[in-house]
Amino acid sequence: MAVDYSLYLVTGRELLPPGKDFYETLDQALQGGVTVVQIREKTTDTGEFLEICQKSKSICDRYNVPLFVNDRVDIALAVGATGVHLGQTDMPISVARKLLPPNTIVGASCNNVGEVRKALTDGADYIGIGAVWATNTKALDKPLVGVRNVGAMLELLDGTSVQAVAIGGIKAHNLLRTMYGSVSRTGHPLNGVAVVSEIMASENPKDAAARLSNTLQTFRSGSAIPLALSFGTNVSTVDKITEQVASLMKHMKEVNPLVHQITNNVAIAQSANITISIGASPIMATTAAEMSDLARVCDGLLVNIGTLTHDAYAGMLEAGMMDISNIVRSLLKAEFWSGRSMNTNRKPIVFDPVGVGATEFRKRTVNELLNTWQTTVIKGNAGELAALSGSTEVESRGVDSVGAGFKDPVTFVRDLARRERKTDYVSDGKSVAILNNGHQYLGQITASGCITGSCVAAYCALASRIERSERREESKLVDGDVFVGAISGILVLNIAAEIAATRGNVEGPGTFFPALLDELARLTPEKVVQRVNIHLA
């Protein structure tokens, strides 16, 4: 039987709602779109386990869905299961192969690259990578993998036929993040996800399974954009980009996108004023309880971590008194809930990891955030992006970069995009746009990087809204619009800065910012087209 690993249900009868029948739940889950079932019974005696598997296989056979048995090779043999799944402390794969009929599928649980290598050597047909997210379904005896660490394991599967599913804490709200984030540098994706409580604990398992199945189909069709950038953009020429930037500018004041901004305390007023000047509307809310409602009405989100507060949390971390996940969630409740809510509503998130390389706490905080929700655009300076990628080419000093810069910035941003000021580089993982507009005064005012993030968020929100609306044909925008949105936000700010700096009443940074607001408000697509200085690499 050819196996579709897309939606892999691992059963857990202990999770059933009161009064809910196990076999009814299984049948409904299969109706909803489950493609593989694994029966997992860790405390049941052999006779009962055998009966459960026999009845479950009969139900799965009606839907032509393969049945796997967890751990128990003897039970798998007795019921004629399609496969067996083995943990690291279960029977070795080589021994199981000797006992099982030919073509029986054998899967292995893996938590790190060493275990993946061993599974490949031992001859596993598929691997289950996890736990990717925190889970209450089972006690964890190994560290969380985290979405951003799955790619390194998937890379080992290149050139093999071995399939891979992620498992552990996967829910409807983090499924897209799991799929987008779990990709290797070579582009090797997951083949599916394994879920437990999202279906087993549901009062309506058919709807729960259907919701997950539909999300997976959306991801694979590419229509989940603009949650994450498309690697298949057909933006191929500077003229095409310029045309689309001008098109977005024409729509900005008409559409007036609402942009939620959780930003640096020193930049709140500047960011709000810049957002208004370009034709969008800002909302600067930071209360976690509001995030779900705001995600439904806002068109995009900017998260800027410039001012992390609550020094006591950092002190407790240093003293080893709290787990990093608890600290970050306590410290950044709004950021966590805002990002998750925007992902649920499939709206773009611009993330600015300000000063991420300055302290270990910031690095760990950013890692926790990026493992929690899928960002659409990461905006940062050379030092911040180097810290994010683990590169040592550029160092950070506070929020500034130190050193000459990357030897090959084009390759760097392209590679970083595949994973996640005079010259700006923007990449979607395929194309790299090199933007050369701007003025030195931008580097001499407080929060210039923060207001750049506001402009990028506004234009990505606009591109996203147009993408979802009936304006698409009229605007002649194409797949990859969020890529163009990021370029647009930078170009609009930098070209307005060039014009503002030449005004007769501008004598330096102090008089520059008010002039910048004026020029942003009066900037036209025609002026941008005349001044644009961009090329593709």
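Predicted model: local features only at pLDDT ≥ 70, side-chain atom pairs only at ≥ 80, totals over all residues.
Residues are numbered from 1 along each chain as its sequence is written. Local features need pLDDT of at least 70, side-chain atom pairs count only at pLDDT 80 or more, and totals for chains, interfaces and linings use all residues, while side-chain values use heavy atoms, with hydrogens and water left out.

**Exercise 1.** Determine how the axes of helices H1 and H9 cross.

*Solution.* Helices (H or I, at least four residues) and strands (E, at least two) are DSSP runs, numbered from the N terminus. Axes are lines fitted to C-alpha atoms, for helices over the stretch in contact, and angles run from 0 to 180 degrees between N-to-C directions. The axes of H1 (residues 22–32) and H9 (residues 205–221) come within 7 Å, crossing at roughly 30°. H1 is therefore roughly parallel to H9 (angles under 35 degrees count as such).

**Exercise 2.** Identify the residues in the contact between H1 and H9.

*Solution.* Contact means heavy atoms within 4.5 Å. H1 contributes Thr25, Gln28, Ala29, Gln31 and Gly32, and H9 contributes Pro205, Lys206, Ala209, Ala210 and Ser213.

**Exercise 3.** Describe the barrel and the pairing of strands E2 and E3.

*Solution.* The 8 strands form a closed barrel in the order E1-E2-E3-E4-E5-E6-E7-E8, with parallel pairing (two strands pair if DSSP finds at least two bridges between them). From one strand to the next, the twist averages 25°. E2 (residues 36–39) and E3 (residues 67–70) pair in the parallel sense over 3 bridges. Valine 37 has leucine 67 in E3 as its bridge partner.

Conventions. Parallel < 35°, antiparallel > 145°, perpendicular 65-115°, else oblique.
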